[in-house]
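Have a go at each task before reading its solution.

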Amino acid sequence: MTESSPDEPNSTRNDFICGVVEGFYGRPWTTEQRKDLFQKLKKWGLDMYVYAPKDDYKHRAYWRELYTVEEAEHLTSLITAAKSQGVTFCYALSPGLDITYSNQKEITTLKRKLEQVSQFGCTCFALLFDDIEPEMSESDKLIFQSFAHAQVSVTNEIHQHLGCPRFLLCPTQYCSTRAVPTVNSSEYLNTLGTKLSQQIDIMWTGPKVISKTLTTECIEEITQVLRRPPVIWDNLHANDYDQKRIFLGPYCGRSPELIPLLRGVLTNPNCEYNANMIPIRTLAHWASCSLDAPAHMEAVSWDIKLERESEQGVCDDETPLSLGKHVYHHRQALRQAINEWLPEFSIPKTAQGPVIKPQPPVTVPPVPIVPILPSVNTCMSLVTATSNTATTSTADMAIPTVHTAQLQALADDRPILATGIAPVENFNPVTNPVMNSLVSPTKVILNESIPNPIIPMASSIALPTEIPVSTLPVPILGLKALEDTGDKLETDQTMIDKANDTLSNDSILESTSFIEDMKKDKDEEIIVDDVAVEEQQRNGDMSVGDTPQTLSPSRPSLPGVEPLDVDPPSNAATDSDVVMNDGFSENGSMQVEPSNSPLSGDMMVEPTEVTDETLEDSGEANAITADDLVLLCDLFYLPFEHGSRGLRLMHDFNWLTTHAASILPRGNKPETSEWRRRLRRFSWWATRTRRAARRLAAAANRELHAELRPYVWDLCAVLALLAAFLRWLELGKFPQNIAANTQGSYTWFSKGWREAFESGAQEPWVFRGGLTADLRRLLPVECSGDVLRPHAIPSTLPFTVRPYVLADEDSLCALCRKTCRDGSDGNDLFPPDLQSLPSDKLLAPFLTLSREFCMVLQDDEDWLPNSDGEGEDDSEKIDGDVKINGMKPEIVGYACAALNTKEFYKRQEIAWVPEMCKKYPLEYLEREDLSDVAKSYITSFHAWNAAITNGGGEATPEAVYRAQPAVLTAAALPAAARDPLAAARLLTCLLAALRAHGASGVHAVVDLSEPFTQQFYCKLGFVEVARTDSKVFLARSF
């Protein structure tokens, strides 16, 4: 740290180190990014950088290897660049995976490696023994009294050999929960304290691997045991354990009053370098302070906040804070950091290319090559598995169901890395590519001349092709992918963890041991909807994924969903603002003082409309603003906290679904007005999120955009899905008891969930997916397999799903013709005067007789929604959406259903088929210009009664009807493939509407001659349950 003047109240200690440790798992930062970091560290008064990227070539996997001339030049340039900025470059090595402590050759190799780096100008070193098995080899046991004695012996010898430079050690027991049996009683920690040279600093992460708070008591405890103040390795902003989370919140939960008790603080931040401006800048702000803000300036609870809320949705007492120079308040630090981050978006930078992986050899070795096991300092699991669920095509078979307790994988009784690696003989270890960031930011290393030190562990591994999903361990593969940060992603790493985002019962979080209680469900079956890409662009090939029966270790699983783009108008004159008591307490997340923009407040009662056209007039339509960054930081806040706007979105959606019945009796009664007010507020914030995503996409800094885009895209997709369901609710086409059917199985609002999440008692990987997952769980159907992140994030924003309106009929009929030939264009199958025949046969009965269960998918990229007429009955008017050029947005898909198959067919027989018989008389069959398909459609109308009576044609097997009484039809144009999971979200919204009516299963009827259509449904989670001579019945329970 830079030294303060003696008269300042918090003169910074010369011996206090503060900076960044690049210690995560996944794609390392580039040389250019590290040099940029050094400049920022100097600017902000931080003084240390620790080079410790777990998956860099010669840091951990091949620690014995010396650097080549080219690598040496790059590493030397980094060390020189750090020195030029007054930053200490600390070179760390992680030999603990396979070192033999008693082997003098190993010690000599270690000395030689660090000597080489010292010749590059490095004067600070670290040995990291984190995330390894706490067991010695047999030869080591003959020499050393304990594991700690072995590490101490090697570390002291290396330290002395290098001339006693500044030196750090990361122990194997690096937090309180890993201390065996406790911190005070740990023989390992006490040995380090008494035997390790006092010149060597010891790293510590706090009470947990990821600690919500650090207290004076916990610091004093470890200081006493280690006989020295610790250097905090702070994982608060680390995100390598969960691919769906990134943390843009401020540094908090640690009082600056701890600084005199510490040797230093090193933050191990997000894997995405450009996302770390807020974490690092606020740490620097924290380190320059000596006091916390007074308690009364901390965030108030939600119920109090609602009472204080003004008409503009801003707390009356939320004024700019006036704090002393050396008083730290995370909210004020966040505002300052955002102002410094904003210019970064306008700096032209090119996105990194895709990770280049070497082609595997043609001949597969008899022994599986297990890579360096990435046992993350954030303690993720090392294993993945596939399901062995098989399906048959019998009429009376039981359809596999998507179990709602998706997080029951946490019940696995295998130890995580703190106590031992899970038995590998039953699992396929996850490959985490090793990279050489000193030479190339994209190339994966494959050096067959260097033996992999973990191969001996795999000598007896039997790797089955499929493993039951119910045996998935805790937590499921949270490893950050070495993914493409540009427009194309080329990685074959399996991403399975996203399918496990919900819990099974309310009692779980109340038990003494969260993990132990989950064991009760370990044998329950889980079916995970996997998703694949890059297949033929037909109706059955929308790149929405493979069948949901298995998870292949060679295929990545995907996500996705989408948003509304409607600004809510102010209807203050007609709506009575009756604010219901939320009964919801906040967790102390970010609050920003009010400004003239509604974005600056936590809540929006009647927001002032701000359209894209207005912004275009001001010349700022595509420029990202500080308000946009405030919103993004709030939506991607901290591991144990959701930001206030994220909480508001969750709370509003939950309130809207719970109180949906209040809009059934039409009128302007207070409850109805409140419902519509909250709907506008939810849509308003969803729109602002989408607008921020558009502005991010237009930023000149493509590198920054590429790193944030996957997270923002996911959230926009989920918000759009929720908004689509709310638009359906607004139609009021549901039963009075809807509240009993629209609650997620286990959500943020379930008993104990929020308390456990915010308490910090559990590591954050227990609650996977962050705000995006918590929002998704609020849907009344489980959709984790449907809305996973796509293999390659689309360049466009997620497509919009909305309820069908009468004005869509012509577009849907045209779409039906374009997909009626097994997903391909069938216009040429029908004469010009009979172009309506396919839609009359396949689609129109749903649009006419079951209109409330019809959803459309539209490509509205660059479309401006018209917010006029808010609150009117959308069922009686065309959507006001218009494109900038004055045309309507293109409809690219539809999904329609009927709640009861038998009743639906009966209504067709009475009200639809007779009209079709008149419209298409049997005489048409003699026309020479009629195709066989057209003739079969006409014949089916005239043979309808016989088909139902004889159990052929349209008849549904009784077993299918009993299990899945609803019937569905869906189609999508190849253009929909630009959003690979749009069809999955379209179906999810329709299933949610069916669930609101109490349905729990749906089936589709497909001709045996249409394999691509069958594949289309299978990718959406359907499985075959029956077939006749001409039809196959595909069903899905939800």
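Helices here are DSSP runs of H or I with at least four residues, and they are numbered from the N terminus. Please keep in mind that the model is predicted.

**Exercise 1. Place Ala-993 in the fold and say what surrounds it.**

Step 1: Using the numbering above, look up the element. Ala-993 belongs to helix H27, which covers residues 982-996.

Step 2: Check the accessibility. The cut-off for buried is under 20% relative accessible area. Ala-993 has 0% relative accessibility, so it counts as buried.

Step 3: List the partners. Leaving out residues up to four places away in sequence, Ala-993 touches Phe-725, Trp-728, Phe-853 and Met-855.

Step 4: Look along the chain. Glu-852 is 141 residues apart from Ala-993, yet their C-alpha atoms are separated by 8.7 Å.

**Exercise 2. Is Arg-702 buried, partly exposed or exposed, and which residues does it contact?**

Step 1: Find the element. Arg-702 is in helix H17, residues 702-730.

Step 2: Classify it. With a relative accessible area of 31%, Arg-702 is partly exposed.

Step 3: Collect the contacts. Beyond its neighbours within four places in sequence, Arg-702 meets Lys-349, Thr-350, Ala-351, Leu-696 and Ala-697.

Step 4: From the C-alpha atom of Arg-702 to that of Thr-350 is 5.2 Å, although the two are 352 residues apart along the chain.

**Exercise 3. Work out how enclosed helix H14 is.**

Step 1: Count the buried residues. In H14 (residues 626-635), eight of the 10 residues are buried, so the helix is largely enclosed by the rest of the structure.

Step 2: Name them. The buried residues are Asp-628, Leu-629, Val-630, Leu-631, Leu-632, Cys-633, Asp-634 and Leu-635.

Step 3: Find the cover. It includes helix H9 (277-287), helix H11 (330-341), helix H15 (644-658), helix H16 (670-697), H17 and helix H19 (770-776).

Step 4: Buried residues make up 64% of its 1038 residues.

**Exercise 4. Describe the aromatic pair of Tyr-101 and Phe-147, then look for other ring arrangements.**

Step 1: Start with the total. The whole structure holds 34 aromatic pairs.

Step 2: Read the geometry. Tyr-101 and Phe-147 are 5.9 Å apart centre to centre with 90° between the planes, an edge-to-face pair.

Step 3: Trace the elements. Tyr-101 lies in the loop between strand S3 (88-93) and helix H4 (104-119), and Phe-147 in helix H6 (residues 147-161), so the pair ties together parts that are 46 residues apart in sequence. Both Tyr-101 and Phe-147 are buried.

Step 4: Look for a group. Phe-38, Tyr-49, Tyr-51, Tyr-67, Phe-89, Tyr-91 and Phe-120 form one aromatic cluster. Over the face of Tyr-67 lies Lys-113, at 5.0 Å from the ring centre.

**Exercise 5. Describe the second largest pocket and its lining.**

Step 1: Take the volume. The second largest pocket has about 1000 Å³ of space.

Step 2: Find the lining. There are 41 lining residues, and Lys-841, Leu-842, Tyr-937, Asp-1007 and Lys-1031 lie nearest the centre of the pocket.

Definitions and conventions:
Residues are numbered from 1 along each chain as its sequence is written. This is a predicted model: local features need pLDDT of at least 70, side-chain atom pairs count only at pLDDT 80 or more; totals for chains, interfaces and linings use all residues. Side-chain values use heavy atoms; hydrogens and water are left out. Rings of Phe, Tyr and Trp (its six-membered ring) pair if their centres lie within 6.5 Å; planes under 30 degrees apart count as stacked, over 60 as edge-to-face and the rest as tilted. Helices (H or I, at least four residues) and strands (E, at least two) are DSSP runs, numbered from the N terminus. Buried means under 20% relative accessible area, exposed over 50%, partly exposed in between (1.4 Å probe, protein chains only). A charge sits over a ring if NZ of Lys or CZ of Arg is within 6 Å of the ring centre and within 35 degrees of the ring normal. On a 1 Å grid over the protein atoms alone, a cavity is a set of points where a 1.4 Å probe fits but cannot get out, and a pocket is an open set with protein on both sides within 12 Å along at least five of seven lines; lining residues have an atom within 4 Å of a point. Grid points are joined across faces, edges and corners, and a volume is the space filled by probe spheres set on the points. Ala, Val, Leu, Ile, Met, Phe, Trp, Tyr, Cys and Pro count as nonpolar, Asp, Glu, Lys and Arg as charged, and the others, Gly among them, as polar. Contact means heavy atoms within 4.5 Å.
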